Amino acid sequence: MAPLTAEKVADYLPLAGKMPDISGRIINVTHQIPYQISRLPDVQTPLVHSDPPAGAPISKLNRNHQRRGTLRAHFRAAEWSIVQSRGHGALNAGLQRLGEDYETLHIGWTGTIANKDGKEIEHLSDHDRSKIQDLLMETGKIIPVFLDAKQKRGHYEGYCKEILWPLLHYLVSGSDGRIEKKYWADYVAVNQQFADTVAANYRPGDVIFINDYHLLLVPEMLREIVPNAPIGLFLHSPFPSSEIFRCLTARKEILQGFLGANLVGFQTYSYARHFIGSCTRVLGCESTQTGVNVNGHIVSVGTFPIGIDAARVETFRNQPAVLPKTKAIRQMYANKKIIIGRDKLDSTKGVIQKLQAFEKFLFDYPEWRKECVLLQVTTPTFGDNSKLENKVSELVSQINGIYGSLEFTPVHHYHQDVDRDEYYALLSAADVGLITSLRDGMNTTSFEYILCQKENHGPLILSEFTGTAGSLGAASIVNPFDSAGVAKAIHDALTMSAEDKLTRHTQLYSYVQEHSAAHWARSFIKQLIESTHKFSLQSQATPPLNHTSFIDAYQRSKKRLLFFDYDGTLTPIVSVPADATPSKEMLHDLQTLCNDERNHVWVISGRDQACLEAWLGGIDKLGLSAEHGCFLKPAGVHAWSDVLESVDMSWKKDVTEIFDYYTERTEGSFVEHKKSSITWHYRMADEEYGLFQAKECQNHLENAVVSKMPIEILVGKKNLEVRPTMINKGEVVKRILAQTPDADLIVCAGDDKTDEDMFRTLTAARYQHHPVDAKTHLYSITVGPSLKKSMANWQLEEPADVIHLLGEMAQADR
């Protein structure tokens, strides 16, 4: 046996070891490609650069300023220029690094294409489109998506920026929904165009990686075109709690778009839980330990904190122009402590709260009034933020009026873009970094600040509402709405000992270096490929049972294992559970099957022991399993065996209290107590209100009990059942299979989600060729409508069909 090396062990660890092999490419799909396209002027004029003087480290740059010595890729061909864009650096860095492990293809919108005079080109000729397509494919294996002016405005400027982005950041619109409806058609149309483009370029073996809120419908649209494609979706923004998300008019369509993916990724665990909660409460989906169950198909949900390209930032901060600018800033504020803030100017970045906290700091700690300055850079962003800009200016003037003087100004506010060299000089010159975002999916400034403080070890004060707060534990985590708390954090940072600074910075620096953008992208792709491998063991649409081939296989077999559910399989579902008595025909056929020595017949039910004994106890040689596998009584044995003897059942008290709470508030509902589980039934309640209460109850259970105890929730037919995680019908089937490994025919019939555990166990056993090999005839049969998705490989419409099948089997034995 070969020695077990560290490398081999790493391959078995999640998100570790070498990247898995795939037969195709990684298709990266983003809203916009990482390049800016423009038509070259007829006559090229040399660019004249004038650097700002060293004494003015914050230059007055306009939105379209030129940058000297850029490190961005620049391509020219014929009349077109393609320049690597600056935005979304972390995302693009991660996707680019995937090219080191796989062949990649990038699909995205071209962005605004500029004409010779710098104005937007609204209509491109077919010739121009062809030229751009060829150039982008040569540049970086990029497939462009061309959008007309109306689509761009309705999709990006309309639905994405006015509807989705605010809601995802907890900003609920007060509109009546007409604006949302106006832009929705363009959002759908653009998503469909992306899906069609991806599908047209998809080849079997490819893996599709979709990014961000601009393309949330694409996974479901793609699933309809290429059903077996591996699809991953990563949301870079926050995901709000279900109470906020439910305010979205198209909430169901958006969630269904998400659920077309095999894997959905988020920045933090809380965002992932919010998403799962919304699927539960809005769509009524069942949540699992790994994701969301959608009609038997498990959509995996994971947390993948994004990083930055640390090596690239290191290169940028060591550019020749950065050090002189850093020295100039320090000379300008000599003998002063420098607090740096750099944010986009929008309401989620907490600039107002930052200024209020700094004012509180100067009030509470007068010894610092002439000893420190706040340098706040606010970058202009999309939309009209004039009111916010005026409020910021008023606060700056107020603070400087109260605490400033002719020779000293405590707050220096720059509302402008800053050049890259100036940006890294600011981060390098700081004594404290201050980030007070109210909602932020990912804040790259915090990572860049940490890298720029490699020599100075300046403390970082970080809002708890940023996506990075959970990862940067060594930073001072604050609530931006608590001005006094932020003020104290500033004071603590300014008075922190050099030893404490070094300890904290070492931990932060190590995290940023290790959890880079490349690590994020590779972790997500590795998890996506793993989720895709499990997809073959998930539910699919099932064909109707072929009775002829089934009876033929039954007659030729020498040893048979027959598993049957009870409610909904051997008897129809009834309003009162006690009325589900077996028919004489079914009892007669079951006894006939049990009389054949080739048959090992089991009824595996959620019913308790007393019910099964009363209704089926008179059948000789019949094996029984009660309460989803908690109690077993094999054929010929008179005593029941208890599987629960070593299982912790302390969760029952908490679950009972929650079920009782909803029973009191839902007329017609009741609680059924079993030894292994507790079930809340609402089949006699008002249909709509009962379903609503069931979703609320499920969400309550998941947050209060399931997250802390080894139990799971089963969403049944108008009921919720809570049971221990490792007690299910699949475990019973696994045990019986081990005791009967030589069966050459296995039949398993059931109708609901508890029976999917049996189907999944049998499919996995066939997939692993043990104990069910290729020679064994496997008939797993789901009972329900023809469109129902199931782990079973055959389908029957209703319990009457199952009873008829029992009769055919009994007749075949004669």
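Hi everyone, let's start with a pair of strands: β14, residues 372-379, and β15 run parallel and are joined by 5 bridges. Strands and helices here are DSSP runs numbered from the N terminus, with at least two residues of type E for a strand and at least four of type H or I for a helix. Two strands count as paired if DSSP finds at least two bridges between them.

Before going on, a word on the source. This is a predicted model, where local features need pLDDT of at least 70 and side-chain atom pairs count only at pLDDT 80 or more, while totals for chains, interfaces and linings use all residues. Residues are numbered from 1 along each chain as its sequence is written, and side-chain values use heavy atoms, with hydrogens and water left out.

How confident is the predictor? The mean pLDDT of the protein chain is 87, and 91% of its residues reach 70 or more; pLDDT is the predictor's confidence in each residue, from 0 to 100. Two stretches stay under 50. One is residues 1-16, with 12 contacts beyond four places in sequence, and another is residues 43-56, with 11 such contacts. Contact means heavy atoms within 4.5 Å. Where pLDDT is low, the predicted coordinates should not be read in detail.

Now back to our strands. Which sheet do they belong to? β14 and β15 sit in an open sheet of 6 strands, in the order β15-β14-β13-β16-β17-β18, with parallel pairing. Its edge strands are β15 (411-415) and β18 (476-478), each pairing on one side only. On average, neighbouring strands of this sheet are turned by 20 degrees against each other, direction ignored. Helix α16, residues 483-494, packs on the sheet and touches β13 (337-344), β16 (432-435), β17 (460-463) and β18; its direction makes about 165 degrees with that of β16. For such angles, axes are lines fitted to C-alpha atoms, for helices over the stretch in contact, and the angles run from 0 to 180 degrees between N-to-C directions.

Helix α16 also has a helix partner. α12, residues 351-364, packs against α16 at an angle of about 65 degrees, with the axes 8 Å apart. From α12 the contact takes Q356, A357, K360 and F361, and from α16 it takes S483, A484, V486, A487, I490, H491 and L494. By class, that is 7 nonpolar, 3 polar and 1 charged residues. Here Ala, Val, Leu, Ile, Met, Phe, Trp, Tyr, Cys and Pro count as nonpolar, Asp, Glu, Lys and Arg as charged, and the others, Gly among them, as polar.

There is also an open sheet of 9 strands. Its order is β6-β5-β1-β7-β8-β9-β12-β11-β10, and the pairing is mixed. The edges are β6 (142-145) and β10 (286-287), each pairing on one side only. β5, residues 104-109, pairs with β6 in the parallel sense over 4 bridges, and W109 has V145 in β6 as its bridge partner. Helix α3, residues 126-140, lies across β5 and β6 and runs at about 145 degrees to β6.

Last stop: helices α19 (residues 547-556) and α26 (residues 799-812). Their axes come within 10 Å and cross at roughly 40 degrees. That angle makes α19 oblique to α26; the cut-offs are under 35 degrees for roughly parallel, over 145 for roughly antiparallel, 65 to 115 for roughly perpendicular, and oblique for the rest. Which residues make the contact? They are H547, F550, I551, Y554 and Q555 of α19, with L805, E808, M809 and A812 of α26. This contact has 6 nonpolar, 2 polar and 1 charged residues.
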